[in-house]
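Q: Could we go through this structure together? I would like to begin with a single residue and then widen the view.
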Amino acid sequence: MNTQFTEDSSFLSAQAESVIHLTAPLFGKVMTDVNADLADTILYLPSLADGSMPSLRDVRAVICTSTDPRLEMITLQGAVPVIVVASDIVFSQGDIISVSQRGRIHRYFRAQSQNNAFLVTEACNNLCIMCPQPPKPQSMVSHEAMEQRILQTLALIDDENLPASLCITGGEPTMLKEGLLRIVEAISARTPNTLIHLLTNARYLSNEHYTARLAQAGGHQLLAGIPLFGYVSEIHDYVVQMEGAFDQTMAGLLNCYKQGISIELRVVLNEVTVKYLKELAEFISRNLFFVKHVALMGMENMGFAKLNREAVFIDPWEYKDTLSAAVEVFQLYGIDVRIFNLPLCVVNPDTREYCKQSISDFKNSWDAACTPCIKRDSCCGFFSSSTEKFWLSRHVHPFVVE
Ligand code: SF4
């Protein structure tokens with residue numbers, strides 16, 4: 001793999017400065033190595049390169065910056081579409097992208113990333129009060145097109161870039177029904193050693209036959225990330241704004257267990273869920289002891305979490321003792337527990353060892369207070385959606401001594 005550019009900018013979606021001669025939307029693999037076989041690929045000419053002019057024969061398009069001295073020559077040739085991007089938009093060899101005729105660039109696969117995810121739908125059958133990406137109505141979503149794009153992406157991933165894990169997310173992936181089974185099957189066939197991390201509310205997995213087929217499609221590669229927000233239906237159904245959801249999710253969890261699908265149980269920590277967190281920890285430990293691990297997750301301040309901030313926001317500092325008590329319950333029952341998305345300085349010392357660097361690189365940021373902190377390398381930091389207005393905690397403080 002050509003790695004002359006290590007600074008892969010982590011954008012998933014970006015706008016080109018301009019597009020030239022692009023007469024149809026583009027989808028394909030990015031190449032940066034001008035000495036490789038460039039047929040049917042999109043050639044990225046980084047501004048760092050030596051400036052020599054590669055052969056553009058059979059190249060589908062060229063991406064470069066407006067200051068690239070080769071831009072004029074390429075444009076004058078008129079045979080190849082050119083996408084002009086800002087210098088901070090960096091691609092890596094093996095990235096898989098689409099470019100609309102208006103220059104909207106979407107990156108489906110980042111060859112150098114450990115955080116690749118396939119967003120398979122923006123529709124959902126829940127309406128969680130703190131959802132960071134509020135769903136779109138199902139009528140606005142084309143599942144067939146999305147499925148085709150994912151299958152095409154999988155086919156284009158180079159062998160050397162096959163990821164250790166691949167997330168399937170939404171919306172709610174089971175909204176694709178048969179389509180999800182085909183995607184899981186295709187991932188399994190293309191990359192049999194990759195962990196398939198399926199984020200689902202598991203309501204549809206209450207259908208035992210469907211869950212059996214999902215298990216067959218993904219086999220040992222599947223890890224279902226399933227959220228549970230309360231130990232009784234009143235709490236869970238309120239959080240997801242759907243009556244009956246708790247019963248279905250519980251049935252889905254049990255079906256996963258029966259079919260041998262590994263489960264990561266996810267609890268998002270907010271004003272509503274932390275009130276009964278210890279009870280939930282006890283409920284999980286007694287009834288759902290078969291889960292692979294439990295993830296207690298700090299909330300992302302986006303979408304409905306912003307809109308409903310009054311109802312759902314709580315500074316993690318205020319629930320640090322509750323968090324310690326819940327972790328103690330899991331410890332007592334021997335359940336593997338992890339804490340996601342919470343900086344080390346806002347939890348108690350006894351829970352720090354459970355905190356993981358869980359925030360994907362493309363949405364990770366830091367506070368100015370973090371600069372002198374000696375624990376920065378082991379801290380998850382913040383979601384980039386945390387701002388002065390939508391802050392996460394008023395108690396961020398750097399560690400200066402162990
Ligand atoms: S100061 Fe910043 S780096 Fe240090 S523990 Fe807090 S959030 Fe993490």
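**Backbone, fold and ligand shell**

A: D58 counts as exposed, because 11 C-beta neighbours lie inside 10 Å; the cut-offs are 20 or more other C-beta atoms within 10 Å for buried, 12 or fewer for exposed and partly exposed in between, with C-beta atoms placed from the backbone. The model is predicted: local features need pLDDT of at least 70, side-chain atom pairs count only at pLDDT 80 or more, and totals for chains, interfaces and linings use all residues. Residues are numbered from 1 along each chain as its sequence is written.

Q: Where is D58 placed?
A: D58 is in the loop between β4 (42–44) and β5 (61–65); helices (H or I, at least four residues) and strands (E, at least two) are DSSP runs, numbered from the N terminus. D58 is not a glycine, yet its phi is positive, about 70°.

Q: And A202, buried or exposed?
A: A202 is buried, with 28 other C-beta atoms within 10 Å. This residue also has a positive phi of about 70° without being a glycine, and A202 sits in the loop between β11 (195–199) and α4 (208–218).

Q: Which residues does the cis peptide bond join?
A: G170 and G171, with omega about 20°. G171 belongs to the loop between β10 (165–169) and α3 (178–190). Most peptide bonds are trans, and most residues other than glycine have a negative phi.

Q: Turning to α5, which residues are buried there?
A: In α5 (residues 233–240), H236, V239 and V240 are buried. Seen down the axis, the buried residues of α5 fall within an arc of 90°, so they line one face of the helix; the arc is that of the directions from the helix axis to the C-beta atoms. Their cover includes α6 (245–259), where contact means C-beta atoms, placed from the backbone, within 7 Å. After α5 comes Q241, with a positive phi near 55°.

Q: What domains does the assignment give?
A: Domain 1 (13–107) and domain 2 (117–383), with bounds from an automatic or database domain assignment. Their centres, taken over C-alpha atoms, are 36 Å apart. The contact takes 4 residues from domain 1 and 6 residues from domain 2.

Q: Last topic: how many residues surround the ligand?
A: There are 14, and the closest are P343, C345, C370, C373 and C379; a residue is near a molecule if its C-beta atom, placed from the backbone, lies within 6 Å of it.

Methods. Contact = placed C-beta atoms within 7 Å.
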